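Here is a short briefing on a chain-to-chain contact and a ligand site. Start by opening the structure.

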Amino acid sequence: MSTLLTSPNLHTLSVYVNNKPGVLVRVAHVFARRGFNIESLVVSPTADGRYSRMTVTADGDGETLEQIFKQVSKLVDVLHATEHTHQEVVEKELALIKVRVAEAQRTEVLQILAHFKGATVDFTPQSVIVQVTGNTEKIEACVGMLEKYGIIELVRTGKVIMARGETET
Amino acid sequence: MNGAEALIKCLEKEGVEYIFGYSGGNVIPIFDAIYDSKIKLILSRHEQGASHMADGYARACGKPGVVLVTSGPGATNTITGLFTAHMDSVPMIVISGQTITPLLGKDAFQEADIFGISMPCVKHSYLVRQTNDLPRVLKEAFHIAATGRPGPVLIDIPKNISAGPFEGSLDPEMDLPGYKIPGPVPKADILKMADLINRSERPLLLVGHGAVISRAGSVLRQLAEKLQAPVTNTLLGKGAFPETHPLSLGMIGMHGTAYSNMALTRCDLILSIGSRWDDRINGDNAQFCVGAKKLHIDIDPAEINKIVRCDAVCIGDARLALEELLKHVVPLNTKPWLREIAANRRKFPLKYKKQGGLKAQHVIESAWEVTGGKAIVTTDVGQHQMWAAQFFLTDECDTWLSSGGAGTMGFGFPAAIGAQLAKPGSRVIAIVGDGGFQMTLCELSTAAINKLPVKILVIDNKFLGMVRQWQELFFDNRLSGVDLEGNPDFVKLAEAYGVKAFRIRRAADIRKVLAKAMAYNEGPCLIHAEVVKEDNVFPMVPAGRSAHHMIVERPKTKMEKPTGGT
Ligand SMILES: Cc1ncc(C[n+]2csc(CCOP(=O)(O)OP(=O)(O)O)c2C)c(N)n1
């Protein structure tokens with residue numbers, strides 16, 4: 001039931017933009033017009049509150065992505081855009097997973113969670129909400145392990161990335 | 001001072017001579033401020049007309065055209081104008097009134113989300129929320145519209161913002177940390193280009209609108225003459241290189257000259273100078289200039305490798321790039337190549353028959369002869385546009401104004417009004433079809449009231465000719481929705497507006513009537529040319545096909561339906 005965010009055609013762009021109304025729509029337009037589906041999107045203010053960082057993950061062919069990348073870079077509200085698909089980056093996302101767990105299976109679920117260094121953030125007699133962070137593969141693996149108990153809801157933040165070392169994101 | 005007065009002061013500071021506009025409730029404060037200004041308001045009869053006037057003004061003189069309209073329908077009526085300017089990289093500022101800020105997003109009377117609606121067809125846009133921001137926004141808008149690859153900018157101004165008290169600076173700093181204009185051309189890229197050019201035997205220079213916008217005309221001429229390289233131009237590249245020059249092959253592409261399209265299939269190197277390899281030129285990418293080295297100069301990085309993967313590219317202003325390139329290229333021996341082209345030129349000239357009814361080509365070619373080519377020509381869209389491109393040769397930048405990327409019917413006549421205001425001393429001729437003219441002919445009032453001596457040449461074939469041509473050639477002549485029988489009598493129509501009018505029905509009258517019309521300068525005049533109903537534009541490269549599939553006359557057998565877009 002989980003959407004796979006590990007497809008080989010998946011690209012990640014980091015876009016540094018003015019923190020103003022309408023900027024998100026401008027960027028989204030560039031993708032939508034070329035039939036690119038945005039798989040995940042994280043927008044948040046940077047250390048300098050006048051600007052925001054968008055991390056966009058989208059699925060599609062490299063040539064179209066090159067065009068999208070250039071069109072995004074061209075927007076007046078975009079300070080710079082970087083493609084990180086094959087770069088050395090730290091990447092993290094967080095998932096909240098509500099799992100149906102009867103008392104009998106609780107220990108088992110907690111063991112799985114321990115393996116993924118997750119935490120439980122809500123407990124009821126029938127269900128538990130767990131929180132996992134990590135890269136996309138790890139989240140996919142954890143979701144995979146929990147699937148057999150019955151996932152009631154899944155919310156993922158989408159990944160954020162940061163270039164390693166001295167490189168600018 | 002209120003916001004509107006500050007806005008008008010800033011427009012004056014930008015050197016704005018004209019505002020093309022149409023009023024309405026939410027823009028009254030700004031119209032009120034114009035009342036005391038030296039800027040002249042040109043009141044159009046439709047906001048689309050105002051937007052094309054501003055566009056024509058900008059194309060004719062290079063300065064941004066300014067449009068002022070009210071909120072809601074006033075603003076949405078400019079969308080076609082914005083789109084047209086955006087597709088052809090024309091600097092334009094559209095200022096729209098808007099409902100008051102507390103009502104934004106609440107479906108107030110005449111509230112249109114024009115900021116959202118226009119987003120895909122502007123270079124940038126603003127919704128102003130603070131009166132004191134107006135001068136900065138305006139300054140940025142002019143800067144963005146006119147620099148780099150030019151384009152239209154929309155400024156949406158709520159009524160309480162324009163009416164509100166202004167306490168800011170009239171000369172603020174711009175705040176555009178994300179706006180990038182390419183700097184000096186990278187020399188290494190130029191050297192790489194020069195190296196490829198210097199080894200070419202059959203070079204072809206392809207010039208587009210970018211060359212016109214950057215005023216590359218004179219250096220382009222030096223380059224072509226030094227290399228002895230043939231030059232072909234796109235529809236919008238007309239004028240960058242004189243079409244009467246022996247090295248000019250005229251227009252290329254779907255309805256370009258046969259010899260330029262043949263050169264495309266035979267060249268060993270093609271250098272695009274400010275042309276974006278539009279699908280009107282390379283219908284079938286896989287077959288495009290196979291084996292030839294492809295070079296591209298463009299100011300917009302997003303155009304590089306968008307359609308054609310190139311062997312050498314240079315991001316930058318066309319004129320600056322050519323100035324640098326000129327230093328590094330050597331004269332080539334292109335004699336055999338030019339001989340081959342000359343033979344094609346003799347074998348497949350542009351042609352039409354002067355007998356058998358009045359021909360649009362004959363009228364247009366005569367207009368070129370009668371004026372000695374000294375005119376700013378605007379066109380509408382359709383067959384007449386292509387014939388004008390073929391037979392009204394253009395020798396100078398900024399004298400050919402046509403909607404290329406958008407192909408907007410209704411553009412030609414209002415654009416001529418704008419061009420005439422920009423160039424009061426020039427002769428301006430609008431060559432329009434009977435279809436497109438009827439989309440914006442209400443501007444006859446605007447031309448008449450302002451006594452603008454625009455010549456409107458209506459090529460009346462009583463059909464939507466270009467579509468009829470496609471239906472004839474590709475759809476078994478099943479004519480559907482193209483018959484304009486029932487057109488008005490254009491002479492009477494013009495007279496109703498107080499516009500002088502002439503009629504041409506016979507080939508024998510062409511020169512006499514045109515000479516009379518060209519001599520009439522008290523105000524606008526209309527020349528109604530009643531041409532044969534069913535004629536076709538040739539040569540023609542079917543959409544989606546390569547230049548190899550060009551036809552130079554009507555084929556005897558039925559043609560396959562084209563695979564490319566219209
Ligand atoms: C606003 C708009 N609507 C429709 C079209 C499609 N179209 C392209 S050419 C053409 C026919 C134009 O007819 P007319 O103005 O009479 O010129 P002609 O081709 O006969 O010279 C049409 C309908 C267009 N380009 N623009």
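The notes below cover the interface, then the ligand shell.

This is a predicted model: local features need pLDDT of at least 70, side-chain atom pairs count only at pLDDT 80 or more, and totals for chains, interfaces and linings use all residues. Residues are numbered from 1 along each chain as its sequence is written, chains are lettered from A and ligands numbered from 1 in the order written, and side-chain values use heavy atoms, without hydrogens and water.

**Interface of chain A and chain B**

- Chain A brings 19 residues to the contact and chain B brings 20 residues (heavy atoms within 4.5 Å).
- About 1,600 Å² is buried between the chains, with 52% from carbon and sulfur atoms (accessible area, 1.4 Å probe, lost on being put together, summed over both parts).
- In chain A, the most area is lost by A:Arg26, A:Lys70 and A:Val76, together 39% of what that side buries.
- Two salt bridges link chain A and chain B (a side-chain nitrogen of Lys or Arg within 4 Å of a carboxyl oxygen of Asp or Glu).
- A:Glu66 and B:Arg309 form a salt bridge at 2.9 Å, N to O.

**Ligand shell**

- The ligand has 17 residues around it, and B:Gln383, B:His384, B:Gly407, B:Gly436 and B:Gly465 come nearest (a heavy atom within 4 Å).
- A backbone N or O atom of B:Gly407 sits 2.8 Å from a ligand nitrogen.
- A polar side-chain atom of B:Asp434 is 2.9 Å from a ligand oxygen.
- A polar backbone atom of B:Gly436 lies 2.7 Å from an oxygen atom of the ligand.
- Alone, the ligand exposes 580 Å², and the protein buries 76% of that (Shrake-Rupley method, 1.4 Å probe).

Definitions and conventions
Buried area = accessible area lost by both parts, 1.4 Å probe. Polar contact = N/O pair within 3.5 Å; in protein donor to acceptor, adjacent residues only side chain to side chain.
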